[in-house]
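Hi everyone, thanks for coming. I'd like to walk you through one structure today, so let's get it up on the screen.

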Amino acid sequence: MDAIVDSLNHRAEFPYELTYLGDGSEMWRAGEVPSNPELAPMLSDFDTILTCHAEQLLALAPSSSPVRIVDLGPGTTRPVRGLIRHLLDRSRLTGYRAIDISAEILELASENLRVDFPAHAERFELCRGDFTGPDLARVLTAERTPGHDGADPVRFVVLAGGTLYNFAEPTQVLRHVCHVMSDHDVLLLTLRIDTGVDRPPFMDQVSVGGPYKPQQLAGLDLLAIDRSWYVTETGFDRVRSEVFVRARFLEPVTVTFDVGDDQKTVSFEPGDTVLVWRYLYHDSAAVVDQLTRCGLQVRLFEHGQGRQVVLVAAMRAQ
Ligand SMILES: C[S@@+](CC[C@H](N)C(=O)[O-])C[C@H]1O[C@@H](n2cnc3c(N)ncnc32)[C@H](O)[C@@H]1O
């Protein structure tokens, strides 16, 4: 609650990663349903792109080495299950470990993995934690299980579904992940990028009531702020190169937080805005440039069918 009050007061933003907690996780159970049906093919590219390129990813690991997947923010695990299957079928998967900030999301992830891989439950390890802080080292450096021939596993560190670009400072997060990775590990990012075509109209002008996903309003739902008390605005911040969804209040709203014996309040006047979602919208050159500045070398860059969703594999530059 402190983090929410702080962020609302100082940055007029609901921290998106906290929308996955508690009841906020329920919307992920139902699957992603975009308010604009044109976004649907893009969502399915996110689900399939790792599987479609699984063989190319395996080629980045030495041929005999087993692979451990470390999934940063697994969500439903839908995008990674095809890759898990691919590795299992080739006897290359030594384990899957996920770290997520939300206990409820981990529960959902665990259920989905149990259903798809009933015979492999012992390979899956789900840890609660924040991968932008010290918890990442705990998850990444936990003891390595050697493969059949004793070879150290290569780790596929997965940051899928555009999660990286939802952070206010993605470069910091990348540097943090890169710092903990070893030279053999492969970072796998799936991102939506700006291809220069089919640019959404809200990039030129803020769209009131424009496209958004219900999950993007989950933070305000968790605060019991009725959806009729604000309008959504979808737009593009040119300075930060970010797409955003924000709420603009129509009514005066005061939220009271009970924090132990203390009470904290946050108030909004009509016209005030709260940012509920941000997404860095880079083109492919900017994606590569950012990774390079963080000490990573891009080894694979593949587009999904719709071109806008990409899979990027990168390793620490030698
Ligand atoms: C956009 S979803 C992506 C889920 C999944 N990787 C996918 O591609 O469908 C982001 C996931 O990351 C988790 N998450 C966000 N920030 C996190 C953080 N700082 N530490 C741990 N998990 C986080 C959320 O709880 C959620 O499960």
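Here's something to look for: which side chain has an N or O atom 2.8 Å from a nitrogen atom of the ligand? Keep in mind while you look that this is a predicted model. Okay, it's Asp130: an N or O atom in its side chain sits at that 2.8 Å from the ligand nitrogen.

Ile101 has a backbone N or O atom 3.0 Å from a nitrogen atom of the ligand, and for Gly75 a backbone N or O atom is 3.2 Å from a ligand oxygen. On its own, the ligand has 590 Å² of accessible area, and the protein covers 94% of that.

So who's around the ligand? There are 17 residues, and the ones that come nearest are Tyr20, Gly73, Asp100, Ile101 and Asp130. Sorted by type, the shell has 8 nonpolar, 6 polar and 3 charged residues.

Let's stay with Tyr20 for a moment and talk about rings. The structure has 10 aromatic pairs. In one of them, Tyr20 and Trp28 are stacked, with 4.9 Å from centre to centre and 25 degrees between the planes. Both Tyr20 and Trp28 are buried, and together with Tyr16 they make up one aromatic cluster.

Now over to another pair, Tyr230 and Phe249. Their ring centres are 6.2 Å apart and the planes meet at 70 degrees, so we call this pair edge-to-face. Tyr230 belongs to strand β7 and Phe249 to strand β8, so to speak a link between distant parts of the chain, 19 residues apart. Tyr230 and Phe249 are both buried as well.

That's my tour, thanks!

Conventions:
Residues numbered from 1 in each chain as written. Predicted model: local features only at pLDDT ≥ 70, side-chain atom pairs only at ≥ 80, totals over all residues. Heavy atoms only, no water. Near = heavy atom within 4 Å. Polar contact = N/O pair within 3.5 Å; in protein donor to acceptor, adjacent residues only side chain to side chain. Areas by Shrake-Rupley, 256 points an atom, 1.4 Å probe, with all protein chains shown as cover. Nonpolar A, V, L, I, M, F, W, Y, C, P; charged D, E, K, R; others polar. Phe/Tyr/Trp six-rings, centres within 6.5 Å; stacked < 30°, edge-to-face > 60°. Buried < 20%, exposed > 50% of the residue type's maximum accessible area, 1.4 Å probe, protein only. Helix = DSSP H or I, 4+ residues; strand = E, 2+ residues; numbered from the N terminus.
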